[in-house]
Amino acid sequence: MKRREFIQLSATLSAGAMAPVALTGCAERPLPGTGEVVRTPTVCNVCFWRCAGTVSTENGRPWKIEGNPDDLHSTGRFCTRGDGGLGMYTDPDRLKQPMIRVTENGQQRFRPATWDEAFDYIAAKMNRIKDEHGEDRLCLFSHGPGGSYFRRMLTAFGSRGYTQPSFAQCRGPRDVGFALTFGEGVGSPDRTDMENSRCIVLIGSHLGENLHNSQVQTWISALRKGATLITVDPRFSVAAGKSKHWLPIKPGTDMALLLAWMHVLINEGLYDADYVDRYVNGLDKLTAHVQQFTPEWAFTQTGIRPEVIRETAREMAKAAPATVVHPGRHVTWYGDDTQRSRAIAILTALLGSWGREGGYLAMENVNLPRYPLPDPPAPKNNWMQAVQGEYPLAPAGIAQKVIDGSIGDDAFFKGWFVYGTNLGYTIPGVTEKLQQAAQSLDLFVVVDTMPYAITGYADVILPECTYLERLDPIRNSPEREPSLAVNFPAFEPKYDSKPGWWIAKHIAERLGLGDWFPWKDYGEELDWQLRQVGSSLDEMRRIGVKKFPRTTPKYFAPNENRQFNTGSGKIELHSDLLADYGHDPLPVYTPPPTRPDEKHLHLNYGRAAAHTFGRTINNPTLFELMPENTAWVHPVAAGDFGVSNGEYVRLKNQDGVESLPVRIRVTQRIRPDSVYLVHGFGHKESQLGLANGRGADDQGLITRILVDPIMGGTGMRGNFVTLIPEEASA
Amino acid sequence: MIRYAMVIDTKLCIGCGDCVVACKTENKVPAGLNRDWVVEATTGTYPNLKTEFRSERCNHCAKPTCLYACPTAATYRWEDTNIVLVDPNKCTGCGACIAACPYDARLIMNEGYVSKCTFCHHRVEQGLDPACVSSCPTRCMHFGVLDDPNSTVSKLLASREHKALLDETGNEPQVYFLT
């Protein structure tokens with residue numbers, strides 16, 4: 001018998017009965033807002049942007065969520081998902097009580113447990129891991145602010161292992177690429193000064209469909225003022241539709257275009273010579289390097305005509321320094337992603353737009369003291385060296401390496417906490433490894449609000465209440481103007497769910513580490529922190545968002561001399577550090593994997609405004625807006641496969657993996673050699689009543705992974721799919 | 001009659017559907033029903049394409065055929081404005097208004113009466129914009145009084161190319177799209 005058989009939660013619990021629909025007869029419904037309205041400040045957690053707003057209830061029932069006008073993340077306007085946030089609370093499929101894996105009559109299943117039982121179980125297993133292997137052998141996988149309590153508990157225990165799939169599966173390459181060039185990263189929210197840009201260049205970044213609120217707002221604000229938009233995308237994205245120049249690039253050849261743009265800027269003398277003289281190292285080497293990358297050469301790779309490459313480069317230079325070559329966000333594409341991010345950073349430096357109005361600004365947050373806690377135990381081992389030592393330039397945990405480091409008897413990690421991240425649908429090609437890790441690990445805890453697939457591997461499932469039912473850490477993210485925001489519970493926790501802080505505190509207490517959570521209610525800690533900066537929890541309950549004045553300049557001062565946090569103290573076009581570690585010091589072009597045959601199309605994927613990854617598909621409000629994804633194909637490709645609009649097909653990748661049935665969308669808005677899917681669909685868990693079986697999962701089709709040799713990112717865009725029409729009877 | 005109008009800039013709309021969600025939550029519209037919706041219209045051939053997103057709803061026509069068609073006077077104008085409302089107590093659910101509306105903007109509630117976009121008159125009364133307008137993250141939607149030449153909606157229509165849907169019906173629709 002397997003140590004951990006994958007258990008579908010529905011096999012254990014009967015589905016909760018749906019609440020009966022309240023019929024009011026033919027009487028007129030009262031106008032909204034005429035009842036007793038109660039408003040509570042919230043910080044949205046439907047995505048990680050964390051906009052601040054207000055939850056309204058009317059006569060004790062959930063009514064609506066709106067943005068807080070004092071909040072620069074939202075300027076009082078929530079996005080589609082934020083406005084649909086109440087669905088996270090009302091979703092009838094939520095996790096409802098703690099559960100523990102048991103074996104009865106040779107069969108594994110989950111049994112409902114009390115919180116005490118769950119805590120005892122976890123503490124006993126953690127202590128056994130400590131005794132047998134050491135206290136540093138637990139790791140946290142995390143996405144979202146609530147991970148911080150579990151990180152605190154594990155740090156206190158002696159385990160520093162920590163990873164977020166948002167690094168190696170998403171934004172890691174740009175963090176590293178920009179840091180190698182400018183000595184610091186782009187951060188989140190991204191430090192693009194788009195509201196003041198006169199030219200914005202998007203490389204595969206589909207702003208608008210990717211609805212990071214203030215980013216979309218500042219982008220649209222630039223367009224309203226007439227900024228030039230240049231969009232590079234194999235698909236006619238929403239952004240492409242608003243562009244002066246749409247460059248429908250051959251997938252995977254972006255680096256060739258970036259190098260050719262450098263060629264034009266340098267050879268036509270269009271770069272910012274004063275800025276480069278003052279701040280930049282390595283122009284000579286770059287100049288020599290890019291001579292070979294002419295627009296004529298780039299045309300042979302990208303399919304973008306040389307005159308378009310020249311014209312767009314000139315547009316960028318004309319608007320510079322108020323030009324943003326956007327860093328993108330999910331940039332783990334082809335394995336040369338750090339280098340591509342470096343190329344974007346180098347272009348930014350040539351345009352003189354780093355640190356300049358309309359380019360990249362310095363964001364600022366509030367200098368908020370941390371709550372005083374005991375000194376953590378010194379780490380026994382360097383876990384990063386142990387599990388990802390071959391990526392010394394990676395500043396953060398590489399999720400798939402942590403998984404590798406949890407497989408086998410001699411594996412470093414022996415226990416996992418998985419907080420708010422559905423690993424199998426987040427990390428490509430990882431299903432088998434998750435199964436192997438589940439056989440090796442001594443403890444597997446999942447903390448989540450919903451019964452996502454990852455719960456099937458758990459020993460213990462801990463149901464967290466949603467952001468609408470709990471306090472979260474103070475939002476203190478960098479912005480154009482600093483501010484703090486606090487998320488207050490608008491509702492009592494439903495079912496037997498509990499706030500993350502309460503869960504972590506109780507585990508810590510079981511382990512004798514209660515002094516790391518030295519209060520009864522987390523609000524005491526928040527109040528202490530707020531009082532250090534002249535506010536209080538009471539004040540925040542009234543206002544939701546508190547603004548603070550900036551203390552540092554947004555932009556470089558004219559003729560200011562600066563030190564950058566790089567080896568040379570300058571912006572590094574040529575990176576000696578990369579050379580020292582055996583990587584190319586200047587970005588080079590590697591052709592992408594080619595289509596195996598005419599019947600295989602590039603698999604591209606992206607996001608939709610209605611959903612946050614796979615985490616909102618089951619949200620009743622957002623599900624209604626977009627219940628399934630479609631596979632976009634060009635009419636020529638549809639003709640080749642004999643499929644028509646609205647028909648269901650399965651996608652089969654180059655390694656024979658097939659998707660669930662997905663509807664075809666025939667559209668001119670895509671290159672004939674590509675398929676496009678919105679990410680996050682294709683759940684196969686019957687306990688997700690709405691999401692189950694809807695659409696295709698792009699992640700499952702990504703089996704060829706192009707690993708970034710610099711930071712360990714999982715490049716996901718080297719995959720190809722063919723279309724298998726569903727039988728009429730299916 | 002005071003004319004309220006909605007003016008939506010299709011050049012800035014991203015088709016995100018936030019207006020749909022904001023309307024549903026503000027007005028407590030039941031699951032499966034919508035008072036507004038987003039249309040995506042793409043024209044041209046790859047790679048020479050144009051996509052227009054339009055947030056659509058009841059046009060609150062100055063000459064509303066739905067109102068003329070209603071046999072029970074359940075459909076009425078709100079306080080001498082062009083805002084067309086339905087009184088559920090008078091509505092028999094006969095569907096004449098649904099047939100008469102060129103925009104398919106009316107829906108039947110589970111209880112049997114007809115419902116539709118109200119331009120959020122309960123918010124307008126308080127000096128607020130309709131929920132869809134005030135939630136729109138791109139600020140591409142505007143609302144105001146057309147009779148006031150200084151209102152944002154009047155200025156936008158005076159300065160920008162625009163269209164209304166199915167103008168040829170003579171209904172004088174009051175939702176305008178900047179193109």
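The structure is a predicted model.

## The interface of chain B and chain A

Contact between the chains involves 49 residues of chain B and 47 residues of chain A. Together the two chains bury about 3,700 Å², and carbon and sulfur atoms give 54% of that area. Within the part that chain B buries against chain A, 18% is supplied by B:Ile14, B:Tyr46 and B:Glu111, more than by any other three residues.

Several elements of chain B supply at least two residues each to the side that touches chain A: the helices α1 (18–26), α4 (121–124) and α5 (131–135), and the strands β2 (37–45) and β3 (48–56). The largest share comes from α1(B), with seven residues. By residue class, the side of chain B that touches chain A comprises 21 nonpolar, 17 polar and 11 charged residues.

Six salt bridges cross the interface of chain B and chain A. One salt bridge joins the side chains of B:Glu26 and A:Lys64, at 2.6 Å from N to O. Another salt bridge is formed by B:Glu40 and A:Arg669, at 2.5 Å from N to O. This second pair joins two chains, because B:Glu40 lies in strand β2 of chain B and A:Arg669 in the loop between β22 and β23 (674–678) of chain A.

## Salt bridges in the whole structure

Over all chains, the search finds 56 salt bridges.

| Salt bridge | N to O distance |
|---|---|
| B:Glu26 and A:Lys64 | 2.6 Å |
| B:Glu40 and A:Arg669 | 2.5 Å |
| A:Asp175 and A:Arg171 | 2.6 Å |
| A:Arg663 and A:Glu628 | 3.6 Å |

A:Arg663 counts as partly exposed because its relative accessibility is 33%. A:Glu628, at 14% relative accessibility, counts as buried.

The pair A:Asp175 and A:Arg171 has another setting. Both residues belong to helix α5 (residues 165–182) of chain A, and because they are four residues apart, about one helical turn separates them. A:Asp175 and A:Arg171 are both buried. Salt bridges that share partners join A:Arg171 and A:Asp175 with A:Arg174, A:Asp190 and A:Arg329 into one network.

## Nonpolar cores

The largest nonpolar core has 101 residues, and the members that touch the most other members are A:Trp219, A:Trp261, A:Met262, A:Leu286, A:Leu350, B:Met6 and B:Met141. Helix α7 (residues 254–267) of chain A gives the most to this core, 11 residues. Beyond its neighbours within four places in sequence, A:Leu286 is in contact with A:Met262, A:Ile266, A:Ile346, A:Leu350, A:Leu573 and A:Leu586. Another core, of 51 residues, lies apart from the largest one and includes A:Ala123, A:Phe157, A:Val366 and A:Leu530.

## Two residues of chain A

A:Thr348 lies in helix α12 (residues 337–350) of chain A. The residue is buried, with a relative accessible area of 0%. A polar atom of the A:Thr348 side chain lies 2.8 Å from the backbone oxygen of A:Ile344. Outside the four places in sequence on either side, A:Thr348 is in contact with A:Phe182, A:Val325, A:Ser353, A:Trp354 and A:Tyr360.

A:Pro395 is located in the loop between α13 (383–388) and α14 (399–404) of chain A. With a relative accessible area of 59%, A:Pro395 is exposed. Residues up to four places away in sequence aside, A:Pro395 touches A:Phe167, A:Val176 and A:Met384. From A:Lys242, A:Pro395 is 153 residues away in sequence and 36 Å away in space, C-alpha to C-alpha.

Methods: Residues numbered from 1 in each chain as written. Chains lettered and ligands numbered in written order. Predicted model: local features only at pLDDT ≥ 70, side-chain atom pairs only at ≥ 80, totals over all residues. Heavy atoms only, no water. Contact = heavy atoms within 4.5 Å. Buried area = accessible area lost by both parts, 1.4 Å probe. Salt bridge = Lys/Arg side-chain N within 4 Å of Asp/Glu carboxyl O. Nonpolar A, V, L, I, M, F, W, Y, C, P; charged D, E, K, R; others polar. Buried < 20%, exposed > 50% of the residue type's maximum accessible area, 1.4 Å probe, protein only. Polar contact = N/O pair within 3.5 Å; in protein donor to acceptor, adjacent residues only side chain to side chain. Core = buried A, V, L, I, M, F, W, Y, C linked by side-chain atoms within 4.5 Å.
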